[in-house]
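Please keep the sequence and the structure in view while reading.

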Amino acid sequence: MTSGCFYPRFTVAGRLHGGGLFARRPVRCVPLTPAQRRRRSLWCREHRNWRDNEWGRVLFTDESRFSCSSDSHGILIWRERGSRNLSSNIIERDRYGGRGVLV
């Protein structure tokens with residue numbers, strides 16, 4: 001018997017789901033050194049009052065890595081909706097295993 005959700009009420013997953021928690025893969029990020037954090041914070045403070053015409057002359061670029069193998073490792077965390085980017089839900093990762101392509 002279910003109570004309107006996918007899991008039966010008596011299972012652990014059903015109880016967590018009923019309490020507003022959902023199984024999701026954690027966000028992965030590259031760890032930053034304290035010096036990198038300070039430089040990024042300083043850059044933001046220096047540019048916080050820029051106007052649209054100043055930002056219109058800036059081009060931001062970024063790389064994306066596409067892995068040729070799965071890197072999920074089956075890791076799931078239970079978290080509430082809207083809490084994806086909380087530091088407790090992020091796994092820092094500075095090395096990528098396997099082959100990949102940078103674009």
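## Contacts and overall make-up

A contact here means heavy atoms within 4.5 Å. On that basis, among contacts in the protein between residues at least 6 apart in sequence, 77% join residues at least 24 apart. The model is a predicted one, and its secondary structure comes to three helices and six strands, which follow one another from the N terminus in the order α-β-β-α-α-β-β-β-β.

Of the 103 residues in the protein, buried residues make up 12%. The protein exposes about 9000 Å², and carbon and sulfur atoms supply 52% of that area.

## Strand β4 and its partner

Strand β1, residues 21-24, pairs with β4 in the antiparallel sense, and the pairing runs over four bridges. Within this pairing, Arg-24 stands opposite Ile-77 in β4.

## Aromatic residues

A pair of aromatic rings is described by the distance of the centres and the angle of the planes. A search of the whole structure finds four aromatic pairs, and ring pairs link Trp-43, Trp-50, Trp-55 and Phe-60 into a cluster.

Another aromatic residue, Phe-22, has a charged neighbour, for Arg-81 lies over the face of the Phe-22 ring, at 4.3 Å from the ring centre.

## Two loop positions

Which residue lies in the loop between β4 and β5? That place belongs to Ser-83, in the loop that runs between β4 (77-80) and β5 (90-92). Ser-83 has a relative accessible area of 7% and is therefore buried, the limit for that class being under 20%.

Asp-62 is placed in another loop, the one between α3 (52-55) and β3 (65-67). Is Asp-62 buried or exposed? Its relative accessible area is 71%, so Asp-62 is exposed, given that this class begins over 50%. Although Asp-62 and Val-103 are 41 residues apart along the chain, their C-alpha atoms are separated by 8.5 Å.

Conventions:
Residues numbered from 1 in each chain as written. Predicted model: local features only at pLDDT ≥ 70, side-chain atom pairs only at ≥ 80, totals over all residues. Heavy atoms only, no water. Phe/Tyr/Trp six-rings, centres within 6.5 Å; stacked < 30°, edge-to-face > 60°. Lys NZ or Arg CZ within 6 Å of the ring centre and 35° of its normal. Buried < 20%, exposed > 50% of the residue type's maximum accessible area, 1.4 Å probe, protein only. Pairing = 2+ DSSP bridges. Areas by Shrake-Rupley, 256 points an atom, 1.4 Å probe, with all protein chains shown as cover.
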